[in-house]
Amino acid sequence: IWLVQGSSGDGGVFFTSNGGVSWVQQFSGGNQNPNKIYMYNARIGFMSNSSALPNIYKTTNSGENWTVNLSGENFYHMQFIDSLTGWKSSTFSNLVDSSMKKTTNGGITWFKQYIPTGSDIIQFGISGFSCLNKDTVWAVGNSIFFPNSQVRGMVFRTINGGANWLYQIPDTVINTSVYYFIQFVNRNNGWAYNTSRGIHTATGGDPVWITALEQLSTEIPKEFKLFQNYPNPFNPNTRIEFQLLKRGNAEIIIYDITGRRIQKLLNEELSAGEYEIDFNASGLSSGTYFYKLIINSGKEVFTETKKMVLIK
C-alpha cells in the first residue's frame, strides 16, 4: 500500500509491504509534498499535489526513486488502462489546468481533450472519471443551469478514447448540483455521487446524449455549406456554423498549420438543417488553424476547409 500526506512537516509518500504493521517514508518534499498518488501496478506510479503548483512525479521502481514527469502541472484523478495509455484530470481549484488530458506514451507527453462547454455550463473541472477500456471513459465534475435557475450535475462520456465527449443531465428529481465520484463496473452498471447522494444506472445511462452542438434551423437549406467561424481571430472560444442539405454523418476536424490533426470536434448523424458548434482552444497556442467539414450522405460526400486564427 502507498499513501500520501500533503503537509510540509510530516508529509510525503509512505509505503508498507506488511499490511500496515510498519511504514517506510519514500519521499519528502516539504511544501511540495503530494496529496494524490496513483499506482498503475507494483512498479509504476505517479504522485502530485492537486491544490498547489508543483510537478507530477513518476516512479518505475516501486517508489524507491521519484523523478519529475511533468513540470508545472498536477492531477486530481488519474487512471491508466495499460502502461502507456491513461488520463488525468484537474479542477479549477488547482489553479493549473482544469482540463482532461490523455497520454499514449506512459506520461511523457499529455494532450488536452475538450469537454463540452457553453454559456449554461459551470466549469469546475473534472473531479472524477472511470475508464472501462481504451475507448470508453465516464467523467463527472461540471454543472449546468437548468430551467427555473436550478443547477444540475453533469455526467460525461466518450466512446472513442476522448476524441469526442458528450454529456447527460441525469437527475431532474433530487436536485443533485454536482457529482465528484463516478465508477462503472461494466458498460451498463455505474454510479455517480457527490458527498451525500447520487445516482445509479443499470442500462448504460440515459439513451439521449448532448453535445455542444446547437441546431439553429430545421429549414432545409439549398446546399451543403461550411461558414467562416466567428469571431475570427478568437480567444479562446469561437463558433463554427454549417448546414446540411439532407441527412448525413457530419464530422468537423481541427488541424494545426502543419496539417497535424488536433481534435475531432464533431462526429454525429444529423438531419437536414443549420447547425452551430462551439470550439474551445484554451489548450492551444496562438497561431493559424484549419477546420474541415466532412459530410457523408449516402453516396454523396461533401468536404470543405476554412482557416481560423487564435490570438492570445
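Predicted model: local features only at pLDDT ≥ 70, side-chain atom pairs only at ≥ 80, totals over all residues.
**View 1. Nonpolar surface patch formed by Tyr180, Phe181, Val185, Trp191 and Tyr193**. Patch members have over 30% relative accessible area and no salt bridge, and nonpolar side chains (Val, Leu, Ile, Met, Phe, Trp, Tyr) are joined within 5 Å; a salt bridge is a side-chain nitrogen of Lys or Arg within 4 Å of a carboxyl oxygen of Asp or Glu. Tyr180 lies in the loop between strands E16 (166-168) and E17 (181-184), strands being DSSP runs of at least two residues numbered from the N terminus. Tyr180 is classed as partly exposed because its relative accessibility is 34%, between the limits for buried (under 20%) and exposed (over 50%).

View 2. Most peptide bonds are trans.

**View 3. Positive phi at Ser62**. Although not a glycine, Ser62 adopts a phi of about 65 degrees. Ser62 is placed in the loop between strand E6 (55-59) and strand E7 (67-71). With a relative accessible area of 23%, Ser62 is partly exposed.

**Notes.** Residues are numbered from 1 along each chain as its sequence is written, and side-chain values use heavy atoms, without hydrogens or water. Local features need pLDDT of at least 70 and side-chain atom pairs count only at pLDDT 80 or more, whereas totals for chains, interfaces and linings use all residues.

Notes:
Patch = residues over 30% accessible without salt bridge, like charges linked within 9 Å, V, L, I, M, F, W, Y side chains within 5 Å. Areas by Shrake-Rupley, 256 points an atom, 1.4 Å probe, with all protein chains shown as cover. Helix = DSSP H or I, 4+ residues; strand = E, 2+ residues; numbered from the N terminus. Buried < 20%, exposed > 50% of the residue type's maximum accessible area, 1.4 Å probe, protein only.
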